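Please walk through this structure from its overall layout to a few single residues.

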Amino acid sequence: MRHFVGFLSGLILGPVLLLVTGWAFAHLRGLNAVQSDVLQGTGPVAVAGLVGVGLLVSLVAVPPRLTPMLPFAAALVVGGATAAALLRMHLLERLPVLPGVEGALTLLPLGVFVPLALVLAAPVFVGARWVREDEDGPSREEYFDGLYEDGDDDRPRSTSTRAEPPVPEHHQPRHRLEDA
């Protein structure tokens with residue numbers, strides 16, 4: 001279930017990464033057009049958006065306990081948008097006008113998002129991210145403890161898989177009849 005939810009979250013994360021990066025690019029390009037400094041106007045907000053994108057990508061790609069489907073779905077969206085921009089740009093031009101679409105449409109055919117897609121796709125190939133270790137279950141040592149017992153006793157071992165309670169050597173009845 002966590003992989004399914006991660007995949008759906010990644011499908012939302014991909015467009016968010018594209019739009020925020022496109023929005024920051026459009027603002028920084030506007031500052032460059034008027035020969036303004038990055039510390040003036042909306043420059044700090046655009047830089048903070050880019051820092052947020054970098055932080056978000058690192059939080060999605062690095063943690064080992066996170067499902068690999070979240071960054072993989074985001075990589076599919078970003079890589080698919082880049083491929084669509086290279087092969088069929090007229091399809092992307094039909095997107096609704098949102099903040100950041102103009103900047104993203106400028107960056108997509110340049111291949112700027114290809115390294116991002118590769119970084120986001122890499123966790124799929126890490127095997128440890130597919131299995132979650134339960135902290136509630138027994139540890140590895142506890143699991144194997146008593147699994148293989150020493151064969152120093154002479155009693156034959158039972159071949160059944162059920163756990164049977166041990167039978168005491170001297171059986172005493174549970175109820176004693178009282179002599180009246």
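Of the 180 residues of the chain, what percentage count as buried? The figure is 25%, where buried means under 20% relative accessible area, exposed means over 50%, and partly exposed lies in between (1.4 Å probe, protein chains only). This is a predicted model, in which local features need pLDDT of at least 70 and side-chain atom pairs count only at pLDDT 80 or more, while totals for chains, interfaces and linings use all residues. Residues are numbered from 1 along each chain as its sequence is written, and side-chain values use heavy atoms, with hydrogens and water left out.

The chain contains seven helices and zero strands, which gives the pattern α-α-α-α-α-α-α along the sequence. Helices (H or I, at least four residues) and strands (E, at least two) are DSSP runs, numbered from the N terminus. Of the contacts in the chain with a separation of 6 or more, 74% are between residues 24 or more positions apart; contact means heavy atoms within 4.5 Å.

Next comes the interior. In soluble globular proteins, nonpolar side chains tend to be buried together. A nonpolar core is a set of buried Ala, Val, Leu, Ile, Met, Phe, Trp, Tyr and Cys residues joined through side-chain atoms within 4.5 Å. The largest one here has 22 residues, and L17, L108, F113, L116 and L120 have the most contacts inside it. Helices α1, α2 (43-61), α3 (69-87), α5 and α6 (114-121) each supply at least two residues of this core, and α3 gives the largest share, six residues. Not counting residues up to four places away in sequence, L17 touches V53, L56, V57, L116 and L120.

T82 is in helix α3 and is buried, with a relative accessible area of 4%. Its side chain reaches the backbone oxygen of V78 at 3.0 Å. Leaving aside neighbours within four places in sequence, T82 is in contact with L108, G111, F113 and V114.

M1, F4, V5, L8 and L11 make a nonpolar surface patch of about 510 Å². Patches are made of residues with over 30% relative accessible area and no salt bridge, with like charges joined within 9 Å and nonpolar side chains (Val, Leu, Ile, Met, Phe, Trp, Tyr) within 5 Å. F4 lies in helix α1 (residues 2-33).

How many salt bridges does a search of the whole structure find? The search finds one, a salt bridge being a side-chain nitrogen of Lys or Arg within 4 Å of a carboxyl oxygen of Asp or Glu. The side chains of E102 and R29 form it, at 3.2 Å from N to O. E102 in helix α5 (residues 101-107) and R29 in helix α1 are 73 residues apart, so the pair links distant parts of the chain. Side chains of opposite charge can pair when their charged atoms come close. E102 is exposed at 56% relative accessible area, and R29 is partly exposed at 33%.

Two loop residues remain. Q35, in the loop between α1 and α2, has a positive phi of about 55° although it is not a glycine; Q35 is exposed, at 70% relative accessibility. V131 is in the loop between α6 and α7 (140-144) and is exposed, with a relative accessible area of 58%. V131 and L66 are 65 residues apart in sequence and 9.8 Å apart in space, C-alpha to C-alpha.

Note on methods: Areas by Shrake-Rupley, 256 points an atom, 1.4 Å probe, with all protein chains shown as cover. Polar contact = N/O pair within 3.5 Å; in protein donor to acceptor, adjacent residues only side chain to side chain.
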